[in-house]
Amino acid sequence: IGVIAGLPIAKRVFQKLDHTVVCVNNANDGEEVKPGYVLCELNGSKRALLSGERLALNIVQRLSGIATLTAKYVKAVEGLPVKILDTRKTVPGMRVLDKYAVAVGGGFNHRFGLYDGILIKDNHIKAAGGISDAVHIAKKKYKNKFKIEVETSNLEEVKEALISGADIIMLDNMSTDEMTKAVRLIAGAALVEASGGVTLKNVREIAETGVNFISVGAITHSPPALDIGLYLV
């Protein structure tokens, strides 16, 4: 069973090659389908269909793979007040489509680039001289234009990020025990994101610590493609 994503884009591929190609969908993006299901029926010149076949399939297979894997993570934390987020670990040139597929699968988009959110990571902290300095620089330059998120790896860093006034605190590669303590320490003063080492086996345990978000790089950097083919009849 897979969650379909990318059918409108595949249709666009064929119609760019020949605007007379007709595509009738039997499924819509976001629907679950079983093996053997006919997703859509194409009618048009064989030249256009065969020319666009590989590109259209590559897109639908990848996006459906992302949507399917995302849906599995979303289902794994069902009933808990947490959101599954993507990351910027996307295929170059495909970020908009990759993140679209995450949304189709029931996940939520983290920032698209460096321009729509401030995430202060370990290298930024080292460059600035510390968490407090890094947050101060960001606040001074951008005022309240962007939310400021700080990556932390232990409780001492969580305390410093909290005192510095971070809007979101990322708990990076922490154990679930540490995450639980961090959530209690933050006590609602900032939103909390868990990141690093997240799998389908441990995602619910992570969610139960009380974090608001769980970011999963795997849903876009290594999703198994959904097996989809195109057949002439």
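I take accessible areas from the Shrake-Rupley method with a 1.4 Å probe, and for residues only the protein chains shown count as cover. On that basis I find an accessible surface of about 12,700 Å² for the protein, with 54% of it belonging to carbon and sulfur atoms.

I note that this is a predicted model, in which local features need pLDDT of at least 70, side-chain atom pairs count only at pLDDT 80 or more, and totals for chains, interfaces and linings use all residues. Residues are numbered from 1 along each chain as its sequence is written, and side-chain values use heavy atoms, with hydrogens and water left out.

Overall dimensions. I looked up the box filled by the C-alpha atoms, which is roughly 65 × 35 × 25 Å along the principal axes. Of the 233 residues, 45% count as buried (under 20% relative accessible area; exposed is over 50%, partly exposed in between, with a 1.4 Å probe and protein chains only).

Aromatic rings. The ring centres of Y142 and F146 lie 5.5 Å apart with planes at 70 degrees, so I record the pair as edge-to-face (rings of Phe, Tyr and Trp, the last by its six-membered ring, pair with centres within 6.5 Å; planes under 30 degrees apart are stacked, over 60 edge-to-face, the rest tilted). Y142 is partly exposed at 32% relative accessibility, whereas F146 is buried at 18%.

Charges over rings. I find K83 over the face of F108, 4.5 Å from the ring centre. The charged end of K99 sits over the ring of F112, 5.1 Å from its centre (the criterion is NZ of Lys or CZ of Arg within 6 Å of the ring centre and within 35 degrees of the ring normal).
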